[in-house]
Amino acid sequence: MLNKLEGFIIKSIPYGESNKIVTIYTKEAGKITTMARGAKKPASRLAAITQTFTHGYFLVRASRGMGSLEQGELISSVRHIRSDLETTAYAGLIVELLDRLTEAEQPNASIFRLLDESFNAMEEGYDAEAISLFVQWKMLPVAGIHPILHECANCGATEGEFAFSFQQIGFLCHRCFNVDPYIIRLSPTQIKLIRMFYNVPLDQIGKLTLKKTTKTFMAKLISTIYQEQTGIFLKSRKFIEQLERTPELQKAKEQPKESPEEEG
């Protein structure tokens, strides 16, 4: 049976002399893995369509085991994502996280929409690191993590000074700081950002501008949540850390002007 599916290539692995094993996150069928025969050959009609991050329509022949990718129709080659090293790294983090957290053949319209919107934003030149943070917070429920961010996780208070507790997986107010000796105290701006990343749809955020120090803090916070609650450490994080330690790969950037979302 042949099925035409819309999707994004989230993993493409060489197999043998000329083939690729391709993982596609599709709108209709969720995550599927297919064999793309001959796709490693430059002249193959499958060569371009099986590149990681590519958005397209895919004609897949189903079978008892791994399906076979017969042909593809390009929707977007996401050239900006692939041509900019930093954007590539953060897009890689998104697809690795999605691959780690999702099961095969379980369609999820909200995950597909999140992937679509995040890649579109990156293609339009939005801050790739900020977009990746948004996706990581949004994917927490997929990992079975439901942080309490609207009130104190211990007493239910909605006003006061707040901190983040990895023990409680959520906010603690100043009255309950003694509940967890390892809290991370938060500024009002950080509280606002965390709630925005978790609750607000990406297409409603607009062009978010954050300081590098803010993004570094938020990345450390969300990565610690994943590590402590799921044991997941993404290989793509190591690549990103290497980039940040390599001055010649980093363009000199002026400190951005704070967007309204980051003003204290």
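This is a predicted model: local features need pLDDT of at least 70, side-chain atom pairs count only at pLDDT 80 or more; totals for chains, interfaces and linings use all residues.
Residues are numbered from 1 along each chain as its sequence is written, and side-chain values use heavy atoms, with hydrogens and water left out.

Reader: In what order do the strands of the open sheet of three strands stand?
Author: Helices (H or I, at least four residues) and strands (E, at least two) are DSSP runs numbered from the N terminus, and two strands pair if DSSP finds at least two bridges between them. Strand β6 (residues 162–165) runs antiparallel to β7 (residues 170–173), with four bridges joining them, and β6 also pairs with β8 (residues 184–185) in the antiparallel sense over two bridges. The order of this open sheet is therefore β7-β6-β8.

Reader: Which strands of that sheet stand at the edges?
Author: Strands of a sheet pair through backbone hydrogen bonds, either parallel or antiparallel. An edge strand here has a single partner strand, so one of its sides is left without a neighbour in the sheet. The strands in that position are β7 and β8.

Reader: Which residue in β8 is the bridge partner of A163?
Author: Along β6, F162 and F164 point one way, while A163 and S165 point the other way. On the β7 side, F164 stands opposite F171. In β8, A163 has as its bridge partner R185.

Reader: What phi does I169 take in the hairpin of β6 and β7?
Author: Most residues other than glycine have a negative phi. I169 is found in the loop between β6 and β7, in a hairpin that has four residues between the strands. Its phi is positive although I169 is a residue other than glycine, with a value near 50°.

Reader: What is the angle between the ring planes of F53 and F119?
Author: A search of the whole structure finds six aromatic pairs, where rings of Phe, Tyr and Trp (its six-membered ring) pair if their centres lie within 6.5 Å, and planes under 30 degrees apart count as stacked, over 60 as edge-to-face and the rest as tilted. The ring centres of F53 and F119 are 5.7 Å apart, and the pair is edge-to-face because the planes stand at 85°.

Reader: Is F53 buried or exposed, and what is its relative accessible area?
Author: Buried means under 20% relative accessible area, exposed over 50%, and partly exposed in between, with a 1.4 Å probe and protein chains only. F53 has a positive phi near 85°, and ring pairs link F53 with F8, F112 and F119 into a cluster. F53 is buried, with a relative accessible area of 6%.

Reader: How far is K4 from the ring centre of Y57?
Author: A charge sits over a ring if NZ of Lys or CZ of Arg is within 6 Å of the ring centre and within 35 degrees of the ring normal. K4 lies over the face of Y57, and its distance from the ring centre is 5.1 Å.

Reader: What separates the C-alpha atoms of S68 and L2?
Author: S68 is placed in strand β5 (residues 67–76), where S68 is buried, with a relative accessible area of 17%. S68 and L2 are 66 residues apart along the chain, yet their C-alpha atoms are separated by 9.3 Å.

Reader: Which element gives the most to the lining of the second largest pocket?
Author: On a 1 Å grid over the protein atoms alone, a pocket is an open set of points where a 1.4 Å probe fits, with protein on both sides within 12 Å along at least five of seven lines, and lining residues have an atom within 4 Å of a point. The second largest pocket holds about 320 Å³ of space, and of its 17 lining residues the closest to the centre are A219, K220, R237, E241 and E244. Two or more residues come from each of α2 (85–101), α4 (128–138), α6 (212–230) and α7 (235–244). The most, six residues, come from α6.

Key
Grid points are joined across faces, edges and corners, and a volume is the space filled by probe spheres set on the points.
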